[in-house]
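Please read the points below beside the sequence and the structure.

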Amino acid sequence: MDFNLSQEILEMKESIRDFVENTVEPVADQIEREDKIPERILEMSKEMGLFGLSIPEEYGGLGIGMVGKCAIYEELGRTSNGYTTVIGAHTGIGTVGIVELGSEEQKRKYLPKMATGELIGAFALTEPNAGSNASALKTSAVKRGDKYILNGSKHYITNGPIADVFTVMAVTDPKKGAKGITSFIVEKDFPGFVVGKKEEKMGLRGSYSSEIFFEDCEVPIDNVLGEEGMGYVNALKILANGRAGLAARNLGSSQKLLELSIKYAHEREQFGKPIFEQQIIQHYLAEMALQIETLRTFTYRVAWMVDQNMKMIKEAAMAKLLGSEVYNKVADLAVQIHGGIGYIKDYPIERYYRDARITKIYEGTSEIQRNIIAAQIHKEYMKSSSTVNV
């Protein structure tokens, strides 16, 4: 495995670190207060190519592999998670489906404008009664002439209020269960497509999610993404591909929290000496560092597997699970080290603590990741057992 980054990626990583620390982070409190990312921040992000990370160069993107993307996501994770989520949802599950599964015509139509951020992407799978159990989808798609008519709803859709292009999963054959689900590319201006109200969340300020509704929504047959009936498989592929990226974003946030905690532990004095000299504080910091380095190594291993087109269902689930669990543990320890200040909104620790919690839920809960891991372990065992028995 080779995790060495090219000179181009190293330079971009350095440029993004500077942008994050000197441009985004100074307005992080503003984003929290106003629940809005300043337009100039988004425009600068577009100019830097951050909305085209996953899109091949031939369609106007940067065409960066997963290892390189993780290096960039790690830097983006060091600031407002709301800002990071807007970009991450777009460059991850919002565009990966079209990049990996789209026809040449679909790629030419959508990817160039998605690469520049002119079109924002979103992924629509979760429904009121079908979250973790994605095979229980109720949104239907009925073929009529040269169109599919979609009816139903989705909720908790990240980028929902601002997205222009949605990758939507809908049931085309209810008799076939998971094998009767198909993927569609749905534009926000299609007749019958309605965006619901913006949802108020605990964290991720500046990143919007909402319900979306399909009321006899007309989707051209040319907007079927991949093969009919392969939507559930497509959804799993899209989610698995994005899990290393999410782990990298969690890694960046965790590393930032460790740095803030080390600085505070050396500056804050109790009983006439820095609290760093208290063994319990040293143990907290050591535990944070250990967890972060473990996450870093595993995240880049999974990213490398993605770039090698290796099967990595189990490993992707592990990366997502580890990333969210480490981030939450590190955030909790950071609050404990900072004490009362860590609980006050005037300081960034409180923001990271709130933002960390959703990572154990969205894009597959920690419990679902454990189910996936266990299922893959079972398959591996049964395969090895049958080979031995033969």
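The numbered points that follow take up the record, a helix pair, the cavities and a pocket.

1. Basis of the note. This is a predicted model, in which local features need pLDDT of at least 70 and side-chain atom pairs count only at pLDDT 80 or more, while totals for chains, interfaces and linings use all residues. Residues are numbered from 1 along each chain as its sequence is written, and side-chain values use heavy atoms, with hydrogens and water left out.

2. An unreviewed UniProt entry gives "domain: Acyl-CoA dehydrogenase/oxidase N-terminal" for residues 7-118; UniProt positions are in the numbering used here, feature names are shortened, and annotations may be inferred rather than shown by experiment. Over residues 7-118 the chain is 67% helix and 0% strand, with its end C-alpha atoms 28 Å apart. Helices (H or I, at least four residues) and strands (E, at least two) are DSSP runs, numbered from the N terminus.

3. Helices α1 and α3. The axes of α1 (residues 7-24) and α3 (residues 39-47) come within 12 Å and cross at roughly 170°; axes are lines fitted to C-alpha atoms, for helices over the stretch in contact, and angles run from 0 to 180 degrees between N-to-C directions. The two helices, α1 and α3, are therefore roughly antiparallel to each other, a term used for angles over 145 degrees, whereas under 35 counts as roughly parallel, 65 to 115 as roughly perpendicular and the rest as oblique.

4. Their contact. F19, T23 and V24 of α1 meet R40, I41, M44 and S45 of α3, where contact means heavy atoms within 4.5 Å. The residues of this contact of α1 with α3 divide into four nonpolar, two polar and one charged. Here Ala, Val, Leu, Ile, Met, Phe, Trp, Tyr, Cys and Pro count as nonpolar, Asp, Glu, Lys and Arg as charged, and the others, Gly among them, as polar.

5. On a 1 Å grid over the protein atoms alone, a cavity is a set of points where a 1.4 Å probe fits but cannot get out, a pocket is an open set with protein on both sides within 12 Å along at least five of seven lines, and lining residues have an atom within 4 Å of a point. Grid points are joined across faces, edges and corners, and a volume is the space filled by probe spheres set on the points.

6. Second largest cavity. Its volume is about 70 Å³, and of the 14 residues lining the second largest cavity, N81, T85, R249, N250 and Y362 lie nearest its centre. By class, this lining has five nonpolar, seven polar and two charged residues.

7. Second largest pocket. This pocket has a volume of about 280 Å³, and the closest to its centre of its 16 lining residues are S6, E8, I9, I64 and G65. Helix α1 provides the largest share of the lining of the second largest pocket, three residues.
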